[in-house]
Amino acid sequence: MGKKNSVEKMILNIPSDLKFLGAVDAAIQDLAREFLFSQDAINDVSTALIEACSNAIEHGNRFSPDKRVVVTLTFNGDAFYASVKDEGPGFDFSNALVEDTSPPELMSERGRGIMIMRAFTDSLAWRYADGGLYVELSKLRRGDASGEPSE
Amino acid sequence: MKITQREVGSALILDLNGKLTGGPDADLFRETFKTLMDQGRRNFIINLEKVTWINSTGLGILISNYANVRKDGGDLVVMRASERIESILYVTKLNLLFKTFENEEDAVKSFTQSAR
């Protein structure tokens with residue numbers, strides 16, 4: 001039975017190594033299913049969160065074995081919230097977005113991380129605090145896992 | 001990530017298995033591709049059927065490989081992407097860059113047709 005009407009919080013503290021992305025994905029998949037998110041919504045959340053964690057590991061902590069990434073997942077009946085915090089020097093998100101679809105820009109190898117996080121969530125924000133960058137995202141729960149609207 | 005190769009018609013199919021992200025997986029894909037290009041291969045089909053996820057770094061490697069092969073007169077197409085990966089290609093507009101195919105037959109045929 002799902003926990004649609006309760007609140008659950010989980011904190012993952014992972015090393016700066018991409019192999020731990022699997023643990024983040026597994027946590028999201030299990031928790032979101034318990035809270036009756038549809039599989040599409042779970043995949044959206046997971047895609048956005050994997051992107052945020054990848055950025056934290058690669059660009060924030062630069063794969064440093066001395067630095068950690070802290071992922072906080074909160075579910076309630078209506079929404080999923082996550083924050084990802086690294087220990088890096090910060091990053092200017094505003095200059096890192098490829099939105100032009102003309103051929104030279106389309107061939108750019110960078111700038112799609114924010115596009116992915118924004119597309120698969122309902123809100124995306126970032127701030128620098130406590131010696132690291134926080135990326136915060138949310139996804140509203142629409143309908144039940146059966147795919148039927150909740151109303 | 002594991003990469004296996006097989007030749008079908010005029011194309012080389014690379015079956016990727018695992019996660020296409022940065023780090024060692026990215027290095028393996030980049031190096032494998034470079035070696036194959038150095039050997040003269042130009043027509044590539046990337047089979048994403050067993051790729052569980054891809055992130056923006058993985059997309060960057062796909063784009064880099066695509067750019068290199070196009071520069072040398074070849075092509076790189078993608079096949080059997082899961083719904084999840086298809087949607088990532090769509091939101092990043094890379095569906096406008098790569099030809100994507102649902103099955104192997106059509107992907108292979110695209111090279112035969114372009115050679116005519």
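Predicted model: local features only at pLDDT ≥ 70, side-chain atom pairs only at ≥ 80, totals over all residues.

Colleague: Let's begin with the elements. How many helices and strands does the secondary structure of chain A come to?

Modeller: Helices (H or I, at least four residues) and strands (E, at least two) are DSSP runs, numbered from the N terminus. By that reading, chain A has four helices and five strands. Their order from the N terminus is β-α-α-β-β-α-α-β-β.

Colleague: In what order do the five strands of the open sheet of chain A lie?

Modeller: In general, strands of a sheet pair through backbone hydrogen bonds, either parallel or antiparallel. Here, two strands pair if DSSP finds at least two bridges between them. The open sheet of chain A has the order β1-β2-β3-β5-β4, with antiparallel pairing. At its edges stand β1 (8–15) and β4 (123–129) of chain A, each with a single partner strand, so one side of each has no neighbour in the sheet. From one strand to the next, the twist averages 15 degrees. For angles, axes are lines fitted to C-alpha atoms, for helices over the stretch in contact, and the values run from 0 to 180 degrees between N-to-C directions. As an example of pairing, β4(A) and β5 (residues 132–140) of chain A run antiparallel and are joined by seven bridges. Ser123(A) stands opposite Ser138(A) there.

Colleague: Which strands does helix α1 of chain A touch as it packs on the sheet?

Modeller: Two residues are in contact if their C-beta atoms, placed from the backbone, lie within 7 Å. Helix α1 (residues 21–34) of chain A touches β1, β2 (68–75) and β3 (79–85) of chain A, and its direction makes about 170 degrees with that of β1(A). Helix α2(A) also packs on the sheet, touching β2, β3 and β5 of chain A, at about 175 degrees to the direction of β5(A).

Colleague: Is α2(A) largely enclosed or left open by the rest of the structure?

Modeller: A residue is buried if 20 or more other C-beta atoms lie within 10 Å of its own, exposed if 12 or fewer, and partly exposed in between, with C-beta atoms placed from the backbone. In α2(A), 19 of the 22 residues are buried, so the helix is largely enclosed. Across the 151 residues of chain A, 36% count as buried. One residue of α2(A) to look at is Ala56(A), which is buried with 27 other C-beta atoms within 10 Å. Leaving aside residues up to four places away in sequence, Ala56(A) touches Asn61(A), Val69(A), Val84(A) and Asp86(A).

Colleague: Which residues touch the most other members of the largest nonpolar core?

Modeller: In soluble globular proteins, nonpolar side chains tend to be buried together. A nonpolar core is a set of buried Ala, Val, Leu, Ile, Met, Phe, Trp, Tyr and Cys residues joined through C-beta atoms within 7 Å. The largest one has 66 residues, and Ala32(A), Leu49(A), Ala52(A) and Cys53(A) touch the most other members. Its largest share, ten residues, comes from α2(A).

Colleague: How many residues does the contact take from chain B and from chain A?

Modeller: Chain B gives 19 residues and chain A gives 18. On the side of chain B that touches chain A, the largest share, seven residues, comes from α2(B).

Colleague: And which residues of helix α3 of chain B are buried?

Modeller: In α3 (residues 83–91) of chain B they are Ile85(B), Ile88(B) and Leu89(B). The arc, taken from the directions from the helix axis to the C-beta atoms, is only 100 degrees, which puts them on the same side of α3(B). These buried residues pack against α2 (39–60) and α4 (113–119) of chain A, together with β3 (43–54) and β5 (99–101) of chain B.

Methods. Residues numbered from 1 in each chain as written. Chains lettered and ligands numbered in written order.
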